[in-house]
Amino acid sequence: MNSESYAYIGRKQPQIDGLAKATGEAKFTTDLVLPRMLIGKLLGSPYPHARVRNVDASRALALKGVKAVVTGKDVPGKKYGVFVSRMDETGLTVKARFVGDPVAAVAAVDEETAMEALGLISVDYEILPAVFDPEEAMKEGAPVIHDEYERNIVADTHYDFGDVEAGFRECDHIREDNFFSQTVSHATLEPRGVLADCDVAGKLTLWTSTQAPFQVRRDIIRALDIPASKLRVIKAHVGGGFGGKADTYPMQVAATLLAMKTGRPLKIIATREEEINVRRRAPMSIFTKTGVKKDGAIMAQYLKILADSGAYSSTSILMMYNSGLTCMIPYRIPNFKYDGYQIYTNKMVTGAMRGHGANQPRFAVESQLDMIAEDIGMDPADLRLRNASQKGDTTVSGLHFVSCELSRSIEESTRNVGWKEKRRQKGTNRGIGIACGGFVCGARISGHTASGTNIHVHEDGGVTVITGSADIGQGSNSVMAQFVAEELGIPLSDISVIAADTETTPIDNGTFSSRVTFYGGNATLLAAREVKQMMAGIAATLLKSNAEDIVFRDKLVFVRDDPSRSIPFGKLAKATEGMGHGRLIIGQGQWAPTNTQFPDKKTKWGNVSGSYSFATQIAEVEVDTETGQVKVISITIGDDCGQVINPLSVQGQADGSVAMGIGHALLEQLLFGSNGQLMNPSLLDFKIPTAMECPPTTLLEVGTPDPIGPYGAKEIGEGLLITTVPAICNAIYNAVGVRITELPITPEKILKALDEKKRREKP
Amino acid sequence: MKRRLELTVNDECLDVEIEPHRTLLEVLREELGFTGAKEGCGLGACGACTVLVDGAPVLSCLTLALEVQGKTVTTVEGLVKNGQPDPVQKAFVDHGAIQCGFCTPGSVMSAKALLEKNSNPSGQEIREALAGNLCRCTGYQKIIEAVGSLAKPR
Ligand code: FES
Ligand code: FES
């Protein structure tokens, strides 16, 4: 069946909860209120590294309206974290490892009282030497941030595929360059929060802003040593995540503890300052060495990356794995070596952020490819075309591409923008640049990552979809509904979705690694097909036909060759329930790809994702050589995300990625003071792009249906962002001939580079 | 000491006793139950708290509640008339201008204020009117399209 014949797949669908969001009806965690609800606040350490000797909360507890104070001593101290091998958080700590690390929490009748109480808690700290720079932190003798990690190395990941030295020997040209990608904030518009409730039987319920309620449950039951059956975690409406809400945060642990202690509901909502201080993108120093033949064929590549972990591990090992892995996706690289290190420092924590570990090396490699293209006198688009991965390829690291339209994406995007002509334009300050990339559809490097969906058909033909997949704003509830609508031939308005509740929905790892449409979508399809099969059997009996000849479309169920023999979907639902001894129309689906392996423990060889997305991005910029300002004029994307399920949300992901990429390339940077404290934790000082800076994006869909993705769909949520930054960098070079290797590209850096260039040119 | 505040919110005359330092955003959300307006920053940087006061957009996180004594406040909830969403709300939904929706109440109110003042705004005017409403999800394109779809050529 091609997409023309679909009723819902590939068609623009507004989000099913769009109106609730547009009218203010959608309830985010901050909007939730329970009777007798208390307000909680966290007390963060003023020191970057300090042992808590003692906490005296007597004055706080004496304040009218204060109901409880808890400290690091009140948590059992069982560590939790994203990876079993890297569990290092306790929620509230007895040893502060960054400025703001929560050491105590208070419950009070209102926010003002809670704030006042914080000021009355006196903490006796033993100040420890601190270290802020990853390079310093990995030296012998540097302060140890977590006892178990020598030289503060939390992740070191190494690949060595093919024979890199031999590969370099075959090259006609080799470049070695250094790059630095800065640290930025997720800056979700919604600051994170949690509402915890404890009933008389001791059962706890959490409503929270999270991408992964099942992970939150897993971590909190560990941290507080309570049985899994005693904790229910429900995802409220989430105001954006981008990776920042993928792991459990201290506030969630503290709120649970305070609710247990007070026996009252308790809510904690982060201020923007607190929000920014929870997670950020890891800054990385990247050394890249790439060698090519005269014709541009890449023969060997080596990357060495040093990433700052901040005070805790978060996703460290996956991030460092990704940084290497994603270098293998867009191009055929016969010999590849990678050394990735992530280092603890006494600064706030870095973690997953859209593109997770791929963005930083992509920026480096794509910048360097343009430098190589210039060195060998080749068009940068041709260089990429020369090396582009192809369908059916297995990389030296074991990744296998069951679908891949990267070449087509390069050809179509360059054609669309008039690449050859524009590259040739001289004497203007306009330029055009290209970058390619690819991403996983859910990388699995350990543990279980299956997704599940249950479907109930009601007697009037209404359908409830119950899925573990967490909609954090990207619209996955709507996509799941679309799959069901297509299978059962009913409109989205007849479908409601219940999602991401540890008690009522199937288990799901969460929304990250661009896995939701791929995994959750396939699970939903299986559930829908089970329902369909049951109903088709009944329809065949009623319509005197065969189940294989029954079609579901436009709320009707009919015989393919004789549509006049039909029954309305609602009637069929009723009939199905009433047949024989009566039955329930329930479908169940669970799914994980079967063509993947865990990466080999030693070599890291293995296909970690069922499929991979591919994209080319072309940026056109204008540089003001007087002020150093860069204006992004347009972004054109050739994208292979397989079959597009919802063009509205696919375009939305593209637009949003581009905006975030512009921020990363040109505007954003978190700054730290001499104590490792965050210097710009506000949206006034940490500027993200506004409606004034974001150009229109042209999205060219070049993909073909993927054999594994649901209806042929692949990811689009993360893979696009990783190419925006280098495309802009390359466009700037094309415009004014300066190459900025340290992000963000501020006007000062442009002016300085222009100045140096001028001096170089006329000595 | 609590003070009495009388105001009209979404066509309803209300009065409340409030501490004088309470912001309009706090009073709307916590005292009156209008949780549509959101706090994204509390410092006037994000626009998520935008409501209309006598038809003009204001940042309710920076407005003391007592400043709107006797005035008319419209929140995103108040745009729904007889169960029907406002054309601006509908356009946001239909054009895909909403992803997570946290910025939406603020952006919708800024868009509403713009269209009341200028029924045929240009793309540039729309961008300018929405420049104070940060959105981290949509890249603004679909918001601009949604508002543009309501522009009525004179
Ligand atoms: S909350 Fe008012 S501007 Fe951000
Ligand atoms: S839709 Fe999420 S911030 Fe705008």
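**Review note: chain B overall, chain A in detail**

1. Start with charge in chain B. Its 16 positive and 19 negative charges have mean positions 6 Å apart. Lys and Arg count as positive, Asp and Glu as negative; His and the chain ends are not counted. Each charge is placed at NZ of Lys, CZ of Arg, CG of Asp or CD of Glu.

2. Basis of the values. This is a predicted model, where local features need pLDDT of at least 70 and side-chain atom pairs count only at pLDDT 80 or more, while totals for chains, interfaces and linings use all residues. Residues are numbered from 1 along each chain as its sequence is written, chains are lettered from A and ligands numbered from 1 in the order written, and side-chain values use heavy atoms, leaving out hydrogens and water.

3. Fold of chain B. Five helices and five strands make up its secondary structure. Helices (H or I, at least four residues) and strands (E, at least two) are DSSP runs, numbered from the N terminus. Read from that end, the order is β-β-α-β-β-β-α-α-α-α. The radius of gyration of chain B is 15 Å, close to the 15 Å of the globule rule for 154 residues, so chain B is as compact as a globular protein of that length. The radius is taken over C-alpha atoms; the rule is 2.2 Å times the number of residues to the power 0.38. Along the principal axes, the C-alpha atoms fill a box of roughly 50 × 30 × 25 Å.

4. Of its 154 residues, 60% are buried. Buried means under 20% relative accessible area, exposed over 50%, partly exposed in between (1.4 Å probe, protein chains only). Take contacts (heavy atoms within 4.5 Å) between residues at least 6 apart in sequence: 54% of them join residues at least 24 apart.

5. Domains of chain A. The assignment gives domain 1 (3–25 + 450–591), domain 2 (32–128 + 186–279) and domain 3 (281–444 + 599–761). Such bounds come from an automatic or database assignment. Over C-alpha atoms, the centres of domain 2 and domain 3 of chain A are separated by 36 Å. Between them, 27 residues of domain 2 contact 30 residues of domain 3.

6. Backbone points to check in chain A. The peptide bond from A:Leu743 to A:Pro744 is cis, with omega near -5°. A:Pro744 sits in the loop between helix 18 (721–736) and helix 19 (747–761). A:Asp225, not a glycine, has a positive phi near 55°. Its loop runs between helix 6 (213–223) and strand 11 (231–235). A:Ser314 also is not a glycine, yet its phi is positive, about 50°. A:Ser314 is in the loop between strand 15 (298–310) and helix 9 (316–325). At 3% relative accessibility, A:Ser314 is buried.

7. A:Ser545. This serine lies in the loop between helix 15 (516–543) and strand 22 (550–553) of chain A. With a relative accessible area of 21%, A:Ser545 is partly exposed. Leaving aside residues up to four places away in sequence, A:Ser545 touches A:Ala540, A:Ile550, A:Val559 and A:Arg565. A:Val559 is 14 residues from A:Ser545 in sequence and 6.9 Å away, C-alpha to C-alpha.

8. A:Pro35. The loop between helix 1 (18–22) and strand 1 (38–44) of chain A holds A:Pro35. At 67% relative accessibility, A:Pro35 is exposed. A:Pro35 and A:Asn734 are 699 residues apart in sequence and 61 Å apart in space, C-alpha to C-alpha.
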